[in-house]
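Dear colleague,

Here is the structure for your files. My notes on the sheet, the helices and the nonpolar cores follow below.

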Amino acid sequence: MHPILTELIERYPILAPISDEIEGAFERLIACYENDGVVYICGNGGSAADAEHIVGELMKAFTVKRPLAESFDDPYLNDNLEAGLRAFSLVSQTCLATAFANDVAPDLVFAQQVAGYGRSGDLLWALSTSGNSKNVIHALKVARAKQMDTLGMTGKSGGKMNDLCSVCLRMPESETYKIQELHLPVYHALCRMLESHFFPTND
């Protein structure tokens, strides 16, 4: 077991039953990035906030330094820019989302973005505490049709996401706030694991 995952389980023993699934999610995220893919993330309400949070941890240094592979003529850029793991929040496209919701169909806002942005080899990371959010389900269907990998984070039942995700991380809780309280340490651990893999230190 990855040492960061071991630490997570020690701090949150309730997550022990899904440790294998978390490891599987990690492996699929690695595969996406090693194949030059992009991770797209979506969710509603608190899960929308989590989607933005995950992007923040992936696109800049989280717990270790991330040197850029390239250099620029400007020393200020070289001294301050950090390497990122390409991640994109589908909840952040306000103009596109509101236009599509108004003109076409509100429950297809995420699906439209996956249809437009997604490519084979990319990964859709979907969050829904119920596992049944219509806009998330539609996005997952499009992702699968486009031969994208799919990672779900949900609650104990898994809902419809069970059948649409390559890996579905079902938190062992049923109440929304309790599920969300477990989502955060899990995605923090996954982001740390990815960072340690792609930006190893000599410490």
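Contact here means heavy atoms within 4.5 Å. By that criterion, and leaving aside neighbours within four places in sequence, V186 touches L8, L15, I22, M153, L169 and M171.

This is a predicted model, in which local features need pLDDT of at least 70 and side-chain atom pairs count only at pLDDT 80 or more, while totals for chains, interfaces and linings use all residues. Residues are numbered from 1 along each chain as its sequence is written, and side-chain values use heavy atoms, without hydrogens and water.

V186 is among the residues with the most contacts inside the largest nonpolar core, which has 40 residues. (A nonpolar core is a set of buried Ala, Val, Leu, Ile, Met, Phe, Trp, Tyr and Cys residues joined through side-chain atoms within 4.5 Å; buried means under 20% relative accessible area, with a 1.4 Å probe and protein chains only.) The most to this core comes from α8, with nine residues. Apart from it lies another core, of 21 residues, including C42 and C168.

Helices (H or I, at least four residues) and strands (E, at least two) are DSSP runs, numbered from the N terminus. Five strands form an open parallel sheet, ordered β2-β1-β3-β4-β5; two strands pair if DSSP finds at least two bridges between them. β2 (87-89) and β5 are the edge strands, each with a single partner, so one side of each has no neighbour in the sheet. β1 and β3 pair over four bridges, and V39 has L123 as its bridge partner in β3.

α8 lies across β3, β4 and β5, whereas α3 lies across β1, β2 and β3.

Regards

Note on methods:
Buried means under 20% relative accessible area, exposed over 50%, partly exposed in between (1.4 Å probe, protein chains only). Axes are lines fitted to C-alpha atoms, for helices over the stretch in contact, and angles run from 0 to 180 degrees between N-to-C directions.
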